[in-house]
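Hi,

Here is the structure I promised to pass on. Have a look at it first, and my notes follow below.

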Amino acid sequence: MEQTLKVTSVLSDPTRYNIYQYIVKEHQSVSVLEIADRFDIHPNVARLHLSKLEDVQMITSYSQKTGKGGRPSRLYKLSDEVIELNFPHRDYKLLSNIAIESFVELGEPGRQALYITGKKYGTQVIQRYNETTSSKEITVEQKLHILEDAGTMLGMYPDFEYDADLKSVTFKIKNCPFKEIANQHKNQTIICNMHNSFLKGMFEALFQNVDLIEKENMFQGCQDCLYVAKLSIV
């Protein structure tokens with residue numbers, strides 16, 4: 001509870017909250033000068049905000065030589081620590097691990113049931129998000145905007161690029177919402193496959209017969225997860 005209060009206090013400052021969101025979305029290290037330029041604040045103020053975020057373990061910092069001599073520069077990146085703000089504490093991560101292990105213990109039928117469930121919930125996310133509009137009445141670009149908004153709401157911070165000629169969408173997932181569970185699970189592939197099914201469910205709530213292909217995976221050393229979705233558009 002004490003840590004929760006510290007985190008909420010740090011994030012109560014709007015600029016600091018936006019800086020944290022920026023680091024999460026960019027998914028790469030940032031410098032004091034970059035933050036100062038991005039948010040139009042003095043470098044000393046940027047350094048203070050970054051230090052406050054580091055104090056509560058939301059980000060970490062490290063030194064990097066500039067190659068120009070002089071003092072090494074200090075860079076800041078997203079912490080691997082899991083920030084949970086539950087009042088009171090509810091261990092949903094433990095429940096998730098128990099549920100996933102239960103599916104895995106059932107063998108191949110259990111894994112397939114996990115993927116089907118993931119796809120179902122991905123579909124439901126878009127249906128709830130877009131319940132007032134028929135997907136047949138909106139353009140491809142509007143559908144992608146819905147996917148981007150929903151993905152951002154879920155903390156994935158996706159970027160979409162639509163190729164009308166190829167009828168395909170290339171998109172990046174900059175932050176995995178299942179990262180903590182995947183890092184702890186002995187078989188990350190199962191978590192990634194479930195996430196892929198979740199994404200497929202999101203797409204197929206707006207498009208039909210989507211062929212979703214994973215190109216890059218952040219758990220295999222890539223900066224982001226990269227996908228290509230081939231669409232069936234009439």
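Predicted model: local features only at pLDDT ≥ 70, side-chain atom pairs only at ≥ 80, totals over all residues.

S63 has R74 in β3 as its bridge partner. Residues are numbered from 1 along each chain as its sequence is written, and side-chain values use heavy atoms, with hydrogens and water left out.

Strand β2 (residues 59-64) runs antiparallel to β3, joined by six bridges. β3 itself (residues 73-78) also pairs with β1 (residues 30-31), again antiparallel, over two bridges; there, V30 sits opposite Y76. (Pairing needs at least two bridges found by DSSP; strands are DSSP runs of E, at least two residues, and helices are runs of H or I, at least four, numbered from the N terminus.)

On to the helices. α2 (residues 14-26) packs on α4 (residues 43-55) at about 75 degrees, with the axes 10 Å apart (axes are lines fitted to C-alpha atoms over the stretch in contact, and angles run from 0 to 180 degrees between N-to-C directions). That makes the two helices α2 and α4 roughly perpendicular, a label for 65 to 115 degrees. T15, R16, I19, Y20 and I23 of α2 meet H49, L50, K52 and L53 of α4, counting heavy atoms within 4.5 Å as contact.

For the overall picture, the protein chain has nine helices and seven strands. Of its 234 residues, 38% are buried, meaning under 20% relative accessible area (1.4 Å probe, protein chains only).

Cheers

Notes:
Buried < 20%, exposed > 50% of the residue type's maximum accessible area, 1.4 Å probe, protein only. Parallel < 35°, antiparallel > 145°, perpendicular 65-115°, else oblique.
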